[in-house]
Amino acid sequence: APVAEWLPQGTIVSVEVTRPEALLDLALSPRAIRTITALPAYQKQASTPGYRQFVQVIEFLESRLGADWKTALRKLTGGGVALAVQADGAVLLIIDAVDEKMLRDLRETIVTFAQADAANQDAANRIESATYRGVTVWQAGSEQAHFIQGGRLVFSNRPATLRAVIDRSQDPAQSRLGQLPAYRQARQAAGSGAAVVGFVN
């Protein structure tokens with residue numbers, strides 16, 4: 001379903017990247033990379049131990065996913081990315097992958113690392129999963145939760161907000177952002193060729 005069908009009608013800000021490939025072509029072009037890596041701030045950061053550890057993590061993920069990070073990024077976000085903020089401060093991040101298996105492999109790798117980290121800190125139960133209306137929801141503490149449905153990954157800073165998304169996805173009678181006339185007008189004004197669409201209520 002379109003992202004707006006999963007967002008509440010009370011969303012106050014939404015940013016939808018409808019054509020990720022257009023932004024990735026720009027951001028990952030050789031010219032852009034040369035420009036970024038030539039910056040003094042980047043070169044300074046690249047010499048720190050933390051940066052080297054970050055590179056090692058990326059290389060490990062590349063080996064687990066079977067693709068270089070640029071290819072993986074395109075496959076994991078190729079269907080679109082949306083960020084939404086609600087009036088109560090809840091935030092939703094929705095990512096549509098074009099490679100469902102890669103998305104699930106990434107999630108399993110991250111959860112495994114998080115569980116190991118929690119166990120080392122005597123907090124083995126910090127990473128938990130539960131089923132809600134047939135959907136497996138993973139929760140870390142009281143302020144992080146996510147689920148995957150098909151090729152769609154949904155994050156929220158509030159588990160209750162995430163459950164509301166599942167309710168909305170399964171109950172056609174619930175109100176949603178896509179029904180709001182102002183939102184529809186904004187999407188129409190942006191045009192079908194827009195790579196990014198923003199809406200503020």
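Reader: What is the volume of the largest pocket?
Author: A pocket is an open set of points on a 1 Å grid over the protein atoms alone, probed at 1.4 Å, with protein on both sides within 12 Å along at least five of seven lines. Its volume is the space filled by probe spheres set on the points, which are joined across faces, edges and corners. In this predicted model, the largest pocket has a volume of about 560 Å³.

Reader: Which residues of its lining are the closest to the centre of the largest pocket?
Author: Lining residues are those with an atom within 4 Å of a point. The largest pocket has 20 of them, and the closest to its centre are Leu28, Phe54, Ile58, Glu62 and Trp69.

Reader: Which helix gives the most to the lining of the largest pocket?
Author: Helices (H or I, at least four residues) and strands (E, at least two) are DSSP runs, numbered from the N terminus. Helix H2 (30-37), helix H4 (49-65) and helix H5 (69-77) each supply at least two residues of this lining. The most, 8 residues, come from H4.

Reader: How many residues of that lining are nonpolar?
Author: Ala, Val, Leu, Ile, Met, Phe, Trp, Tyr, Cys and Pro count as nonpolar, Asp, Glu, Lys and Arg as charged, and the others, Gly among them, as polar. In the largest pocket, 1 lining residue is polar and 2 are charged, whereas the number of nonpolar ones is 17.

Reader: Which helix gives the most to the lining of the second largest pocket?
Author: This pocket holds about 390 Å³ of space. Its lining has 20 residues, with Arg107, Ile110, His146, Leu153 and Phe155 nearest the centre, and divides into 15 nonpolar, 4 polar and 1 charged. Elements that supply at least two residues include strand S3 (91-96), strand S7 (152-156) and helix H6 (100-120). With 6 residues, the element that gives the most is H6.

Reader: Is Arg152 buried or exposed?
Author: Buried means under 20% relative accessible area, exposed over 50%, and partly exposed in between, with a 1.4 Å probe and protein chains only. Asp96 has 14% relative accessibility and counts as buried. Arg152 has a relative accessible area of 8%, so this residue is likewise buried.

Reader: Over which ring does the charged end of Arg152 sit?
Author: A charge sits over a ring if NZ of Lys or CZ of Arg is within 6 Å of the ring centre and within 35 degrees of the ring normal. The charged end of Arg152 lies 4.6 Å from the centre of the ring in question, that of Trp6.

Reader: How far apart in sequence are the parts that Arg74 and Asp25 tie together?
Author: Arg74 forms a salt bridge with Asp25, with 3.0 Å between the closest N and O atoms. Since Arg74 lies in helix H5 and Asp25 in helix H1 (residues 20-27), the separation of the parts tied together is 49 residues.

Reader: What separates Lys101 and Asp105 along helix H6?
Author: Their side chains meet in a salt bridge of 2.8 Å, N to O. The two are 4 residues apart in helix H6, so their separation is about one helical turn.

Reader: What is the angle between the planes of Tyr42 and Tyr51?
Author: Rings of Phe, Tyr and Trp (its six-membered ring) pair if their centres lie within 6.5 Å; planes under 30 degrees apart count as stacked, over 60 as edge-to-face and the rest as tilted. The structure holds 4 aromatic pairs. Tyr42 and Tyr51 form an edge-to-face one, 5.9 Å centre to centre, with an angle between the planes of 80°.

Conventions: Residues are numbered from 1 along each chain as its sequence is written. This is a predicted model: local features need pLDDT of at least 70, side-chain atom pairs count only at pLDDT 80 or more; totals for chains, interfaces and linings use all residues. Side-chain values use heavy atoms; hydrogens and water are left out. A salt bridge is a side-chain nitrogen of Lys or Arg within 4 Å of a carboxyl oxygen of Asp or Glu.
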